[in-house]
Structure formats: C-alpha cells, structure tokens
Amino acid sequence: MDFKLRKPILVGGLGLTAGVWLLHGLNPGVADFSGTAIWGALALSSGFWWLRKRSIKPLDLTVPAIPVDRTAVEKALSAVETLVKQLAAETNTGTQTAALTSFQEKLTQLTAELERNEVRLAIAGGQSVGKTALTQYLTENWVPQPQKISISDTVGLFAEPGEAGETLAPEVDSADLVLFITASDLTSPEYQTIQQLLTRQQRVLLLFNKQDQYLPDERPLVLQQIRARVQGQLATEDVMAIATAPAPVKVRQYQSGSVQERLEQPTADVAGLSDRLTQVLAEEGQRLVLSTVLRQVNLLKLDVQNALNQMRRDRALPLIEQSQWIAAAAAFANPVPSLDLLATAAVNTQLIVDLGEIYQQKFSLQQAKTATGTLADLMVKLGLVELSAQAISPLLKSHAVTFVAGGLMEGLSAAYLTRLAGLSLIEYFQEQSYVLDPNAAPFQVGRLTQKLKAVFQDNQRTAFLQALVQQGISRLAPAPTPALPGSAAK
C-alpha cells in the first residue's frame, strides 16, 4: 500500500477526504457535496502536480498501407520490430525469454522473405477431389516463366482435423496462391474455408474438378452455381472447371459384323487453368509474395501484442488488488456517504492513470475524471451497485461482525466495484491495443459498457464473492482484544 499512497491524485483525494471528515465533526453540513463539488475538490488537490507533467503524446496506432507494396511491408515489419523491443523492455525478468527469442527469429525470417523470388502454390480441398492428380499434372506439364514455383499438395486443410475456422495447415498458411478444389457444388464447410482464406487476404483460384463425372448439359450449370455462391468475392475468371484425370471412357468399334470394346483415357482438361495461372503469376507474382509476407507479419504482430498484453495484465492485477482494498478501507472508515464517493473517486482516478501507463494509453486528469465518472454512471445504470450489495449481504450473515456490518458492507461493495472497474479497464485497454485506426475515439463508452457487463458476469460467482468477503473481514474488521493476564472469564 505504500507504493499506492505515493500517488499524487490518491494522496490528494484521500487527504481531502480526511480533512472534510474532520470539518464534518465540527459542522455536519460541510460534507454535503454535490458531484461537481467533489470533482472540483479532487481536481484542486491534484491539479498542481499535473501541471508539472509534460504534454501527453497520443497513442500511435498504425494503419496498413493499401495497396500492398514493398514500402507497406517494410512499414509493417518496422512496427512489429518496435513492438518486440517494447516487449523486451517490459520483460520483468530481465532475461531473454523463449517467447521473445522466437519472436525475434520470426521477425528476421520475415525480413529475409522480402527477397524471395519463388512463388508458393498450395493445392487444397476436401478428400478425393483430385489434389494429388492436379499436383502431378502441374509439376509435369506446366512450366511457368519467369517465376520459380513450388507446389505443395496439402494432406488436410487444417493443422488438426476440425471444422472451418481452425488453424490452417502450414502449406496453406504460407502459400502465395491457393488452388482450392471442389468436385461438386460447394458444401458449407468448403464455403466457410474459402471465406477464411479470403478474410486472411489470401489469393484463391476456385476449381471445379471432375466435371467429367457429370452429364455434358449438367457441367455448365454446376459451374454457374459455384460462381454464383462466390459472386462479389472471386472474379468470374478465377472460378473454372477442369478435369485433371478424367475417368476412362468405354469405346465400341464395329468392324466386319463384330463389336470390339476398349477403354480410352481422355486427355486432361486443364488448359484453361494453365493459362490463368500463367497470367496471374505474370501480373501479380511479386505482389503475391509481398501479400504473404504482410499477412504473416500481421499475425506475428498479433502474437507479440498478445504476449505484451499478458505481461501487462500480470502487472495490472496487483494494482487493482491494492486499489480495491484502499477503496474498501476508505468506505469502511468514512461515516458520510458523500465522503465515500470522494475517496472512491480518488482511488479509481488514480487506478485509471496507473493502468493507462501500463497499457501505454496516457490519460490527462480530465480524461481520467471522465473515465471514472463514466464507469460510475455505467455501474448505476446497469444496476451493478444494487446487485453487488444483494450478492454480498447474505455472505456477511454467517459472520459475528454485526457491530461493524454496515461498514463492512460499504467497504466490501467498494472493493468489489473497484475490482470490476479495474478488470473492465484491462479488457478495454487490451482490446484497444489491437485497434489500427488512428482516428478512433480515445474512450468509447459502448465498448467499455460491453466489457463491464462481461466482467461482472465473470466475477459474480459465489466462490469469488466468498473469498472477497473473507479477505475483507480479515482486512477491515478489528481483531478481538486479547484478555488481560490473570483476568477471569465471566
């Protein structure tokens, strides 16, 4: 608690609370503040310290450049490098962690990928759609120029078997161009997988293979249906029908009154695909490589940000714990409700400033006041204040502390609501760390409301509240006075 009490906003707020409390003993009317007066007093108690602070720099959020070119990829690499350095600077152990080493190695690899002149093709699709046959055909019969090509036939779409939306297989994940094969109209899993690929900004050609298994007048209908399903997402020329390994055809030959039958192997119908591949690589080859590098850089950035957020969360939780018990002690000790409000406002304002520093989102005094008021308003509007009292009150009945039950009730409610506020801010700041729009509002009430609701749902479990009550009693309730030596029990 010593660390927290060195904070100027908190010291000013709690000091002012104590002063007004003393005045209240002389004149009870002194403590009847309005909300505006409380905030004005809090600002006066801490304003001079804030005037000495340097101007606050806004959070630097970068937006990926469009269209994708080398400059955009280099900018993204630089942003990740900065984030990795930030993670290294905030690592508490002072040693090189395995995760940090892995991030640095991946960053080096992706930087080298900028010079890659080989285009990677991945042939993907469900079972028995002709992936292996197409891989073999392209390897033996298609020689693109001038790009160097590597072709991989994926065993499965995902790293582990499962529904669409899971981690893609490495061959698909690192591909510059995906040839997705279906042997019929698109199934729901196939459609979802294509959506996932497109969402990840991967280049896709959609191939209707084994069209020879349909009657001639059915083939164009199936192709038309497939194109209709991805209309607006894939160009018409990127959805085509092929027959990589047509089934043998029985041929009858009549000669001199006899009939002879034999099986003939039709030639593959892949010319349209070969032409389209050659065209795409000629026009988009280098851009496909850059897009893949940028996609993987963004995924690495997400991993690094996750690690940084986890580290910051580990640092933030003790601050919340500390703040909740300071708020509890202030509410427990103060007999005047308006002074409870002033003390809690000071605690929560200081907590917002501290959490903002951890998450690199600086708050001015006015912004911190606004955030504190917003949280308080949200808790009242959502009914959390009343609900917290209803949840905590029954848990106090089993304890023989009736002479301080009222103070305990107020103290535990203050601790609980301060914890909800702190956890909601953590969730909000973590979400904001992924926002790439520099024009986004600095404090979005709608998103904070959603986080507050979710945090309340996660922290109204009986086991959690029982533990909070036990800790509160041990911290707030006075210890029993030991009996004097030689005194006799009555």
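Modeller: Two strands pair if DSSP finds at least two bridges between them, and strands (E, at least two residues) and helices (H or I, at least four) are DSSP runs numbered from the N terminus. This is a predicted model, where local features need pLDDT of at least 70, side-chain atom pairs count only at pLDDT 80 or more, and totals for chains, interfaces and linings use all residues. Residues are numbered from 1 along each chain as its sequence is written, and side-chain values use heavy atoms, leaving out hydrogens and water.

Biologist: In what sense do β1 and β3 pair, and over how many bridges?

Modeller: Strand β1 covers residues 118-125. Its isoleucine 123 stands opposite leucine 179 in β3. The two strands pair in the parallel sense, over five bridges.

Biologist: And which residue in β4 is the bridge partner of isoleucine 181?

Modeller: β3 and β4 also pair in the parallel sense, over six bridges. In β4, the partner of isoleucine 181 is leucine 207.

Biologist: Through which helix does the chain cross from β3 to β4?

Modeller: This β-α-β crossover is right-handed, meaning that with the strands pointing away from the viewer, the path from the first strand over the helix to the second runs clockwise. The helix spans residues 188-199 and is α7.

Biologist: Is glutamine 211 buried or exposed?

Modeller: Glutamine 211 is found in the loop between β4 and α8. Buried means under 20% relative accessible area, exposed over 50%, partly exposed in between (1.4 Å probe, protein chains only). At 11% relative accessibility, glutamine 211 is therefore buried.
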